[in-house]
Each structure stands twice: as structure tokens, then as C-alpha cells.
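Student: I have a new model open on my screen and would like to learn how to read it. Could we go through it together, one question at a time?

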Amino acid sequence: MSIYEKIDRLFIERGTSVYKEAEKLNFGPANLAILAGNMEYVKTNAQETYQNVLSCAHQADARSPFIFVRDVVASWVYEEYIRAVLIRCGIDVELAGADKNRTILASSKVSNGADYIWHLSDGSTRTIELVCDYSGFWSAKCVMHLRDNKYIHLTESESILLGIDCKNHMFYLIDFAKGKIHAQYLPHHHAYGDKPAYAIELNEGSDVMMRPCKVGELKREFLRIA
């Protein structure tokens with residue numbers, strides 16, 4: 001099952017769909033066509049976007065560029081959903097990163113920028129990276145994998161990693177500003193097209209905070225980091 005299908009199922013369980021949510025968020029015609037699987041529309045009416053899709057072979061791993069880009073747009077919708085949850089918690093976050101304008105970029109312009117900027121009450125900011133587990137793998141294996149150099153970027157930028165376990169309704173917080181987070185380097189990871197990854201253990205005594213996905217818990221733990 002693709003990431004798009006998993007995210008769509010999450011929204012269907014809430015009485016909507018990823019496409020309907022994208023419409024509410026005023027996603028552009030090209031993104032809506034991608035979600036609908038209508039790449040012919042994109043090829044005809046958004047030629048630059050279509051060429052950018054074709055350039056994303058590295059990010060796509062074993063997926064076709066068209067399946068990959070549908071996953072990307074669906075992930076943007078879920079990212080917006082989580083942002084709305086954080087705002088309801090009283091956490092002032094805005095979108096960040098090269099794709100914050102929700103435009104498919106050429107592979108050369110894709111960056112490791114964080115997903116959100118958190119504005120704290122004292123005027124300072126923190127960057128937040130969102131990662132999601134739609135299958136329950138983290139809980140079952142007690143490990144989280146970060147592809148390519150995401151772990152290095154999070155360490156260098158001292159960002160906060162917010163992990164959402166959508167199946168088991170858990171959230172994970174890792175504050176990379178609190179010192180080096182232990183991770184095992186994996187030179188090859190089959191799920192990422194045999195590219196490198198880093199494995200972070202998820203267990204009691206590790207550097208990771210794990211809680212049930214309750215709004216009060218989420219707000220409390222973010223404020224504890226602040």
C-alpha cells in the first residue's frame with residue numbers, strides 16, 4: 001500500500017479524503033490532478049511540474065516518479081493537518097522548507113529543510129521535522145529509520161523531531177538540541193532503495209520521549225522542551 005493510500009485511509013476514517021482535504025486547503029490544480037492520478041493533465045497543463053516529477057528518481061527510491069509525487073502531495077496534506085493540531089494545542093508553528101509553497105520542485109532544489117518553524121513566547125524559534133509511521137513498524141520493532149542524511153541535518157540544526165505513529169496513536173519527540181542522539185548508521189536500507197539510513201532505538205532509557213497521541217500530552221511535552 002502506498003503512502004498516498006495510507007494517508008487517504010486515515011482521512012476516510014474521519015469521514016473525508018485526502019483529495020477533499022487538499023481542496024479545502026486550496027491546493028492548486030496540478031496537485032489535485034496528481035492526487036487524482038491524472039498525470040496527463042499535469043503533462044499538458046503544468047509542463048514544468050511534470051518535468052520536475054521526472055527528475056525525482058533519487059527521492060522516489062523503488063517507486064515510479066508518479067507514485068512518488070502522489071505520495072509527496074498526500075504527505076503535504078497530512079503535514080497541514082498536523083500543523084492545525086499543533087496550533088490547536090497552542091503551539092505557534094508555520095510551514096518551512098523549500099516545499100512550503102506546495103510546488104513540486106526539481107530534484108536539485110529539494111532540500112533537507114525542516115517542515116515547521118515554532119515561534120516561542122520569548123521571541124526565539126525552533127525548527128521541527130515531521131516523520132510518520134503509517135504501519136506501526138516503530139512500535140513493533142522499537143526502532144525508527146531516518147533516510148539519507150536526515151539524521152545529520154537534524155543534529156546540525158538542533159531541530160526537534162516529531163514522529164507520529166498513525167496506527168498506534170502515539171507520538172515521539174526527539175530534541176536534537178540536548179546533545180548527540182545515539183543512532184546506528186546503516187549503509188544500505190532496502191526500504192529506501194538500498195540507500196543509507198540511520199536507526200534510532202525507541203525504548204525506555206533511549207533519547208526518545210514517547211506518549212499516547214493526546215492533545216494535552218502533546219502540548220505539555222512541547223512546552224517542556226521550550
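Predicted model: local features only at pLDDT ≥ 70, side-chain atom pairs only at ≥ 80, totals over all residues.

Student: Which helices are included in what covers the buried residues of H1?

Tutor: Helix H1 spans residues 3-12, and its buried residues are Tyr4, Ile7, Asp8, Leu10 and Phe11. Seen down the axis of H1, they fall within an arc of 155°, so they line one face of the helix. The cover over these buried residues includes helix H2 (18-24), H3 and H7.

Student: How many helices and strands are there in the protein chain?

Tutor: Let's take the whole chain for a moment. Buried residues make up 46% of its 226 residues. Of the contacts with a separation of 6 or more, 59% are between residues 24 or more positions apart. The secondary structure comes to ten helices and nine strands.

Student: What covers the buried residues of H5?

Tutor: Begin with the residues themselves: Thr49, Tyr50, Asn52 and Val53 are buried in H5. Seen down the helix axis, the buried residues of H5 fall within an arc of 160°, so they line one face. The cover on them includes helix H3 (29-35), helix H4 (39-45) and H7.

Student: Are H5 and H7 roughly parallel or roughly perpendicular to each other?

Tutor: Two packed helices are described by the angle between their axes and the distance between the axes. Helix H5 (residues 47-54) and helix H7 (residues 65-88) pack at an angle of about 110°, with axes 9 Å apart. Angles of 65 to 115 degrees count as roughly perpendicular. H5 and H7 are therefore roughly perpendicular.

Student: Now the strands. Is S5 largely enclosed or largely open?

Tutor: In a regular strand the side chains alternate between the two faces of the sheet. For S5, Ile160, Leu162 and Ile164 are buried on one side, and Leu161, Gly163 and Asp165 are buried on the other. Six of the six residues of S5 (residues 160-165) are buried, so this strand is largely enclosed by the rest of the structure.

Student: In which sense do S5 and S6 pair?

Tutor: Let's look at both partners of S5. Strand S3 (residues 125-133) pairs with S5 in the parallel sense over six bridges, and there Cys132 stands opposite Ile164. Towards S6, Leu161 stands opposite Ile174, and Ile160 has Asp175 as its bridge partner. S5 and strand S6 (residues 170-175) pair over six bridges, and the sense is antiparallel.

Student: Is His169 buried or exposed?

Tutor: His169 lies in the loop between S5 and S6. That hairpin has four residues between its strands, and His169 takes a positive phi near 55° there. Exposed means over 50% relative accessible area. His169 has a value of 51%, so it is exposed.

Student: And Glu221, is it buried or exposed?

Tutor: Glu221 lies in helix H10 (residues 215-225). Leaving aside neighbours within four places in sequence, Glu221 is in contact with Phe171, Leu173, Met209 and Arg211. The cut-off for buried is under 20% relative accessible area. Glu221 has a relative accessible area of 3%, so it is buried.

Conventions
Residues numbered from 1 in each chain as written. Heavy atoms only, no water. Buried < 20%, exposed > 50% of the residue type's maximum accessible area, 1.4 Å probe, protein only. Helix = DSSP H or I, 4+ residues; strand = E, 2+ residues; numbered from the N terminus. Pairing = 2+ DSSP bridges. Axes fitted to C-alpha atoms, helices over the stretch in contact; angles between N-to-C directions. Parallel < 35°, antiparallel > 145°, perpendicular 65-115°, else oblique. Arc of directions from axis to C-beta. Contact = heavy atoms within 4.5 Å.
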